[in-house]
Amino acid sequence: MSSRQEEKERRKQERLAREQEIEKAERRRRLLGLFAGGVLGAAAIAAVVVAVLASGGGSDDPKPNVNDGPRVPIPAQKATDLEDAAKDAGCTYRTFTPGANDREHVNGTVSYKHNPPVFGPHAPTPSSDGNYAGQGPVDREPLVHALEHGRLVIWYQSDLPKRRISQLETLFDEPIEGQPSGYKQLLVEAPDIPGQVAASGWGHQLNCPRMTDKTFDALRTFRATAVDKGPETVPFGQ
């Protein structure tokens, strides 16, 4: 009788030992899962932070203005030829050929060969399409990347009268050959351009020493010539 009781007790102890081992193994598996998940989560967070820092995509980056009110009207278009319009407005239109290194992505400040720039090494992330009037100067490196994407940048001197700046905003809102308002354009302040107003596309430049009513046709015809001429095609708004 005692031998049966002992055998029963032995089996019970073996069963309890197996259950304990199974429980320990399951606990180890859960802990390893939590640890691996934490490592992956931390890695994902770190990757996001690195991507934001590398792209310059912080919350302090300038954002385009919202169309927030009436603009000062501008004269209707008369000239349709760029060279004629530029000459009548006293502006200079030039084209340039990019070099082998003018599409490189770099960090930091670039000293551009042309003012305003028309190509060259640039920031990894481009500036977004839009009107940046009244926000102060915008970094040129992201703007040059936008030029590479077929964008056109209109630059104005910091001391340009507010009435003229509002007129440039009117021009910015004016559709290009049926395209949406502001199509692939950026309007920015630039204190060191040689004239009161300028415009640039990839390999194209317009400099206007003085802004007059004739300047609008120079900008209109330049815009029609230089937009969508970058080496990379990126849809409007992207």
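Analyst: Helices (H or I, at least four residues) and strands (E, at least two) are DSSP runs, numbered from the N terminus. Residue numbers start from 1 along each chain as its sequence is written. The model is predicted, so local features need pLDDT of at least 70 and side-chain atom pairs pLDDT 80 or more, while totals for chains, interfaces and linings use all residues, and side-chain values use heavy atoms, with hydrogens and water left out.

User: Where is Glu177 found, and why does Glu177 count as exposed?

Analyst: Glu177 belongs to the loop between H4 and S4. Its relative accessibility is 73%, so Glu177 counts as exposed, given that exposed means over 50% relative accessible area, buried under 20% and partly exposed in between (1.4 Å probe, protein chains only). Glu177 also has a positive phi, near 45°, although this residue is not a glycine.

User: What makes strand S4 largely enclosed by the rest of the structure?

Analyst: Strand S4 covers residues 185-189, and because five of the five residues are buried, the strand is largely enclosed by the rest of the structure. Gln185, Leu187 and Glu189 point one way from S4, while Leu186 and Val188 point the other way. In a regular strand, side chains alternate between the two faces of the sheet.

User: How do you know that S3 and S4 are joined?

Analyst: Two strands pair if DSSP finds at least two bridges between them, and strand S3 (residues 152-156) has five bridges to S4, with the two running parallel; in one of these, Leu152 has Gln185 of S4 as its partner. Strand S2 (residues 130-131) also pairs with S4 in the parallel sense, over two bridges, and the partner of Asn131 in S4 is Leu187.

User: Why is Thr221 called buried?

Analyst: Thr221 has a relative accessible area of 4%, and because this is under the 20% cut-off, Thr221 is buried. Thr221 lies in helix H5 (residues 215-226), and among the residues it touches beyond four places away in sequence are Gln77, Thr80 and Leu82, where contact means heavy atoms within 4.5 Å.

User: What makes Tyr93 and Phe222 an edge-to-face pair?

Analyst: Rings of Phe, Tyr and Trp (its six-membered ring) pair if their centres lie within 6.5 Å, and planes under 30 degrees apart count as stacked, over 60 as edge-to-face and the rest as tilted. By this rule there are three aromatic pairs. Tyr93 and Phe222 are 5.9 Å apart from centre to centre, with 75° between the planes, and so the pair is edge-to-face. The pair links distant parts of the chain, 129 residues apart, since Tyr93 is in strand S1 (residues 92-95) and Phe222 in helix H5. Phe222 is buried because its relative accessibility is 0%, whereas Tyr93, at 24%, is partly exposed.
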